Amino acid sequence: MTKFVKKSELNSSWFEIDAKNAVVGRLATIVSKIIRGKNKATYTPHMDTGDFVVVKNIEHAKFTGKKFQNKKYYRHTGHPGGIKETTPEKLHEKKPGEALKLAVKRMLPGGVLGRKQLTKLKIYAGDSHPHSAQNPKIIELDKLNSKNIVRN
């Protein structure tokens, strides 16, 4: 029989990722796996067993190819003819971390569980963040795979 983790047995840890020159899509897959808890042996699909992720230097994250100008994000206002579109370039001007947040959100389950898991993602522009008291473990993206970092 499969052993399921109880709420009392859950323990969350913190991870820190530096997004300098990181490819947004690859960064999003790594972050979503950690947030969902798929990197743990105690992964349970219907529970929030994931860890917290702090992403810093998000303003230096990159898109490959011409996606920064040409990729389109759509949303609907709910009114007839209310489709709106934007590009990562326009999103970056208003909110630097919104493109990563959207990518991660779309990799999480829809519904209450996915919304709860998305709150475990903390995105900051710049090198400092207020979560240093949690002693986050640092994940180096270039050590995981050389394609995770854009080299100019």
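The structure is a predicted model, in which local features need pLDDT of at least 70 and side-chain atom pairs count only at pLDDT 80 or more, while totals for chains, interfaces and linings use all residues. Residues are numbered from 1 along each chain as its sequence is written, and side-chain values use heavy atoms, with hydrogens and water left out. Helices (H or I, at least four residues) and strands (E, at least two) are DSSP runs, numbered from the N terminus.

**The four-stranded sheet**

- Four strands form an open sheet in the order E5-E2-E1-E6, with parallel pairing; two strands pair if DSSP finds at least two bridges between them.
- Strand E5 (121-123) and strand E6 (137-139) stand at the edges with a single partner strand each, so one side of each has no neighbour in the sheet.
- Neighbouring strands of this sheet are turned by 25° against each other on average, direction ignored.
- Strand E1 (residues 14-18) runs parallel to E6 and is joined to E6 by three bridges; Phe15 stands opposite Lys137 in E6.
- Helix H1 packs on the sheet, where H1 touches E1, E2, E5 and E6, and the direction of H1 makes about 155° with that of E2.
- For such angles, axes are lines fitted to C-alpha atoms, for helices over the stretch in contact, and the values run from 0 to 180 degrees between N-to-C directions; contact means heavy atoms within 4.5 Å.

**The largest pocket**

- The largest pocket has a volume of about 340 Å³.
- Of its 13 lining residues, Arg75, Thr86, Leu91, Glu98 and Leu102 are the closest to the centre.
- Two or more lining residues come from each of strand E3 (73-76), strand E4 (83-86), helix H3 (88-94) and helix H4 (98-105).
- The lining of this pocket divides into four nonpolar, one polar and eight charged residues.
- The classes are nonpolar (Ala, Val, Leu, Ile, Met, Phe, Trp, Tyr, Cys and Pro), charged (Asp, Glu, Lys and Arg) and polar (the others, Gly among them).
- On a 1 Å grid over the protein atoms alone, a pocket is an open set of points with protein on both sides within 12 Å along at least five of seven lines, a cavity is a set where a 1.4 Å probe fits but cannot get out, and lining residues have an atom within 4 Å of a point.
- Grid points are joined across faces, edges and corners, and a volume is the space filled by probe spheres set on the points.

**The cavity**

- One cavity of 30 Å³ or more is found in a search of the whole structure, and the largest cavity has a volume of about 100 Å³.
- The largest cavity is lined by 13 residues, and Val24, Phe63, His92, Pro96 and Ala99 lie nearest its centre.
- H3 and H4 are the elements that give two or more residues to this lining.
- The cavity lining has 10 nonpolar, one polar and two charged residues.

**Two single residues**

- Asp48 lies in the loop between helix H1 (24-36) and strand E2 (52-56).
- Asp48 counts as buried because its relative accessibility is 12%; buried means under 20% relative accessible area, exposed over 50%, and partly exposed in between (1.4 Å probe, protein chains only).
- Not counting residues up to four places away in sequence, Asp48 touches Leu10, Ile35, Leu113, Lys116, Gln117 and Lys120.
- Glu93, in helix H3, is exposed, with a relative accessible area of 65%.
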